[in-house]
Amino acid sequence: MLVPLLKEGLATTLSVFFITLIFSLPLGLPVALARLSDNKVLSGITGAYIYLMRGTPLLLQLMFIFFGLPMIPYVGLTLGRYTSIYLAFVLNYAAYFAEILRGGIEAVDPGQWEGAKVLGLSRSFAFRKIILPQVIRPVFPSISNEVITLIKDTSLVYILGVMDVLKAAKSVSNSLSTISPYIYVGIIYLLMVFVMEKILRRMEGKINYD
């Protein structure tokens with residue numbers, strides 16, 4: 001009974017993790033650039049979005065998107081469980097990644113921009129080829145920490161009744177009146193974190209070597 005449920009739950013957990021990472025990390029870059037924009041309206045809106053996502057619990061954001069949006073007058077937007085989960089996770093983590101990247105961009109010596117301008121390079125080309133490579137190395141450890149946190153945050157999807165590994169453990173535990181399923185799930189999370197840490201450390205080593 002436990003193994004089939006854990007397989008189903010693990011598939012959900014991994015899908016939430018990878019989809020969030022695939023979409024939120026690239027989205028974080030334009031959000032960071034918008035936050036740094038000289039356009040005060042764009043910068044203000046982006047800043048408010050980041051503050052909202054980082055200042056409220058992800059669990060609350062999940063509940064608001066799934067339960068709250070349909071209740072808003074004249075909007076009544078109803079999303080499926082998985083759509084709500086992916087949307088909440090991507091928006092939340094994009095805000096965190098944006099702040100990390102913003103800090104990295106601001107840490108680059110302004111003289112780099114001036115040097116690129118003197119060489120006649122366009123601002124977009126200078127950012128891609130000169131600025132961004134200098135940003136990735138110092139911010140990578142912070143991004144790695146968020147990736148590890150994401151693995152553990154996937155357990156929040158149980159609130160919407162989705163079968164993840166934690167809900168699978170709870171179902172079996174309630175049926176058999178035993179705590180062992182939670183131990184198995186704890187081991188699964190530890191293994192996922194262990195593997196991801198190994199991957200991230202190897203990536204960080206290659207970045208620092210280059």
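How much accessible surface does the protein have, and what share of it belongs to carbon and sulfur atoms? The accessible surface comes to about 12200 Å². Carbon and sulfur atoms account for 66% of that area. The model is predicted.

## Overall architecture

The protein has eight helices and zero strands. Along the sequence the pattern reads α-α-α-α-α-α-α-α. Its C-alpha atoms fill a box of roughly 70 × 50 × 20 Å, taken along the principal axes.

Of the 210 residues, 38% are buried. Take the contacts between residues at least 6 apart in sequence: 72% of these join residues at least 24 apart.

## Packing of α5 and α6

Two packed helices are described by the angle between their axes and the distance between the axes. Helix α5 spans residues 111-118, and helix α6 spans residues 123-153. They pack at an angle of about 140°. Their axes lie 10 Å apart. The two helices are therefore oblique to each other, as angles over 145 degrees would be needed for roughly antiparallel. The crossing of α5 past α6 is right-handed.

From α5, the contact draws on Q112, W113 and A116. From α6 come R123, A126, F127, I130, I131 and Q134. By class, the residues of this contact are six nonpolar, two polar and one charged.

## Q61 in helix α3

Q61 sits in helix α3, which covers residues 58-68. Is this residue buried or exposed? Q61 counts as buried because its relative accessibility is 7%, and the cut-off for buried is under 20%.

Leaving out residues up to four places away in sequence, Q61 touches L52, M53, T56, A88 and N92.

Note on methods. Residues numbered from 1 in each chain as written. Predicted model: local features only at pLDDT ≥ 70, side-chain atom pairs only at ≥ 80, totals over all residues. Heavy atoms only, no water. Helix = DSSP H or I, 4+ residues; strand = E, 2+ residues; numbered from the N terminus. Buried < 20%, exposed > 50% of the residue type's maximum accessible area, 1.4 Å probe, protein only. Contact = heavy atoms within 4.5 Å. Axes fitted to C-alpha atoms, helices over the stretch in contact; angles between N-to-C directions. Parallel < 35°, antiparallel > 145°, perpendicular 65-115°, else oblique. Left-handed = near helix turned anticlockwise from the far one by under 90°. Nonpolar A, V, L, I, M, F, W, Y, C, P; charged D, E, K, R; others polar. Areas by Shrake-Rupley, 256 points an atom, 1.4 Å probe, with all protein chains shown as cover.
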